[in-house]
Amino acid sequence: MGFGSEFTAVGHSGKRKKFIMLESQIDRIYKSLYTFNIKTYRLFRKRQLYTDHADALEYEDDRYGSVVSLGQQMGKFGNVMFRFKSETLWTHFAPSSNMKNQNKEIRSIIMNSVIDTFDSYPFPKNGNINIVYIESSQEFFGGTEQFVKLFWSGSYAKTYARKHTVLGGFSLGTADPSTPDIDSFTLGGTSTRLNCYDYDSAMSHFYADFQGLYHEERFGNYMAVGKLKYRLFIPRYFHLGLIYNIGNVWNNQDPIRFDSLLQSYGIQGTFASRLGPFSIGWGITSQGDDRLY
């Protein structure tokens, strides 16, 4: 009937993460460029809080909800979507942590724009990607939380002599002081981890990869991160990358100064296979913290 409907089921099961999502998507409504999407999901994760680059506390992030989206395609390179999200979130801490369990209801309207001209994935040679995300959660929608969150990310890739690729990017984020910590911006980890810049899944927060830190080691209401990477292609299956990052995340009470910026240096080797990329890497920060990925 001219709708081209797609139905998708996604499942993930592990010791630290369990996820199921059902989705119905219409990429083009009849002959127009309008799109429609509805999804429902349940996500359970065991997450960690870190103190001085050490694992200090583990807690459970358990959430379920639905997202309804209506948008318009922007040619073949991207789209603009308006979404309504209804999400229930439970946070459970161990009794020995002396931290109180929390139950939150988030009802928010989201504007999400994605423009993507990368020529290949997961090893783009040329092009760029720009992501804009604005979320407004209000109590009069029926939720318990009220905040506004803005995020922008831009990345580019340029290849010289077929083997030498320069990649750069920048991420900026700001959120109200009332934004729950569990939905704030996070920093740390490697870009090969699944769902980096997870703008189109159940998750409502954003993180920037940062070599030398644990995954999502730091969190805050403000984010500013820059990245520069040189990637050498060694035919036929190997990619060697040298990575430099600068940036940080800050809470509301933290002063945002140039001397609070953190730097990191990393090296990464990736094999391209028919099953996907297999990577091993190492990074160290300007504070001396290092991590093997």
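Visitor: Is aspartate 183 buried or exposed?
Guide: In this predicted model, residues are numbered from 1 along each chain as its sequence is written, local features need pLDDT of at least 70, side-chain atom pairs count only at pLDDT 80 or more, and totals for chains, interfaces and linings use all residues. Side-chain values use heavy atoms, with hydrogens and water left out. Buried means under 20% relative accessible area, exposed over 50%, and partly exposed in between (1.4 Å probe, protein chains only). Because the relative accessible area of aspartate 183 is 0%, this residue is classed as buried.

Visitor: Which side chain does the side chain of aspartate 183 make a polar contact with?
Guide: Aspartate 183 is found in the loop between strand E9 (164-175) and E10; helices (H or I, at least four residues) and strands (E, at least two) are DSSP runs, numbered from the N terminus. A polar contact is a pair of N or O atoms within 3.5 Å; within protein, one must be able to donate a hydrogen and the other to accept it, and residues adjacent in sequence count only if both atoms are side-chain atoms. At 3.3 Å, the partner of aspartate 183 is the side chain of arginine 63.

Visitor: How many helices and how many strands does the protein chain have?
Guide: Of the 293 residues of the protein chain, 42% count as buried, and its C-alpha atoms fill a box of roughly 55 × 50 × 35 Å along the principal axes. Its secondary structure comes to zero helices and 17 strands.

Visitor: What kind of aromatic pair do tyrosine 64 and tryptophan 90 form?
Guide: Rings of Phe, Tyr and Trp (its six-membered ring) pair if their centres lie within 6.5 Å; planes under 30 degrees apart count as stacked, over 60 as edge-to-face and the rest as tilted. The structure holds eight aromatic pairs. In this one, tyrosine 64 in strand E4 (residues 54-74) and tryptophan 90 in strand E5 (residues 78-93) are 26 residues apart. With 5.4 Å from centre to centre and 45° between the planes, the pair is tilted.

Visitor: Why is the pair of phenylalanine 140 and phenylalanine 141 given its class?
Guide: Phenylalanine 140 counts as exposed at 65% relative accessibility, whereas phenylalanine 141 is partly exposed with a relative accessible area of 26%. Ring pairs also link Phe84, Phe140 and Phe141 into a cluster. The ring centres of phenylalanine 140 and phenylalanine 141 are 4.5 Å apart and their planes stand at 70°, so the pair is edge-to-face.

Visitor: Which backbone nitrogen does the side chain of asparagine 101 reach?
Guide: Asparagine 101 has its place in the loop between E5 and strand E6 (102-116), and its 40% relative accessibility makes it partly exposed. Not counting residues up to four places away in sequence, asparagine 101 touches Thr91, His92 and Phe93, where contact means heavy atoms within 4.5 Å. At 2.7 Å, its side chain reaches the backbone nitrogen of phenylalanine 93.
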